[in-house]
Amino acid sequence: MSRSAATDPPARPPTRQRSALLALLEDLDGFRTAQELHGLLADRGERVGLATVYRGLQVLVEDGRIDVLRGDDGEAAYRRCSTVQHHHHLVCRDCGRAVEVADPPVERWAGRVATEHGFTDVRHRVELFGTCADCSTGD
């Protein structure tokens, strides 16, 4: 369940660093950690400090421009999604490839459980992990 547009914070003005992060994330298929993104930015000749990468990613997540995923180890990974609509991810444990999926039954279930327990303004995140077809065949 998402917040209403009236409560969403306005998008902040772009900075060179956030623009570089967004451009990089557009070129990538899966979720990447801040350290990986920092290294890839350096490979592109972008001079951005790791702390600036973390701050930029946090702003982009808060503004709804990218998604964040926490792995079993608690480390955050980031991805620019193709839709701003609420969705979930199916993520390959081996290569990190992610597929966006929408599932109305999950949305109805979350709403029903929240209502049954008297909760409002409920948000949820469902992430499914598996092995993609490419990794399954060993290609």
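This is a predicted model: local features need pLDDT of at least 70, side-chain atom pairs count only at pLDDT 80 or more; totals for chains, interfaces and linings use all residues.
Trainee: Why does Asp121 count as exposed?

Mentor: A residue is called exposed when its relative accessible area is over 50%. Asp121 has 54% relative accessibility, and therefore counts as exposed.

Trainee: Which residues of helix 2 are called buried, and what is the cut-off?

Mentor: Buried means under 20% relative accessible area. In helix 2 (residues 34–43), the buried residues are Ala34, Leu37 and Leu41.

Trainee: How do you know on which side of helix 2 they lie?

Mentor: The arc they cover around the axis is only 60°, so they are on the same side of helix 2. These buried residues pack against helix 1 (16–26), strand 1 (32–33), helix 3 (50–62) and strand 3 (76–79).

Trainee: Why are strand 2 and strand 3 said to pair?

Mentor: Two strands pair if there are at least two bridges between them. Strand 2 and strand 3 have 4 bridges, in the antiparallel sense, so they meet that condition. Val68, for instance, has Tyr78 in strand 3 as its bridge partner. The hairpin of these two strands has 5 residues between the strands, and Gly74 takes a positive phi near 85° there.

Trainee: How do you know that strand 4 and strand 6 pair, and in which sense?

Mentor: The condition is again at least two bridges. Strand 4 (residues 88–92) and strand 6 are joined over 4 bridges, so they pair, and the sense is parallel. His89 has Glu127 of strand 6 as its bridge partner.

Trainee: What makes strand 5 and strand 6 edge strands?

Mentor: The open sheet has 3 strands in the order 5-4-6, with mixed pairing. Strand 5 (98–101) and strand 6 (127–130) each have a single partner strand, so one side of each is without a neighbour in the sheet. From one strand to the next, the twist averages 20°.

Trainee: What is the volume of the second largest pocket, and which residues are closest to its centre?

Mentor: Its volume is about 400 Å³. Among the 18 lining residues, Leu69, Val91, Cys92, Arg93 and Phe129 are the closest to the centre. At least two residues of the lining are supplied by each of strand 1, strand 2 (67–70) and strand 4.

Key. Residues are numbered from 1 along each chain as its sequence is written. Side-chain values use heavy atoms; hydrogens and water are left out. Axes are lines fitted to C-alpha atoms, for helices over the stretch in contact, and angles run from 0 to 180 degrees between N-to-C directions. Buried means under 20% relative accessible area, exposed over 50%, partly exposed in between (1.4 Å probe, protein chains only). The arc is that of the directions from the helix axis to the C-beta atoms. Contact means heavy atoms within 4.5 Å. On a 1 Å grid over the protein atoms alone, a cavity is a set of points where a 1.4 Å probe fits but cannot get out, and a pocket is an open set with protein on both sides within 12 Å along at least five of seven lines; lining residues have an atom within 4 Å of a point. Grid points are joined across faces, edges and corners, and a volume is the space filled by probe spheres set on the points.
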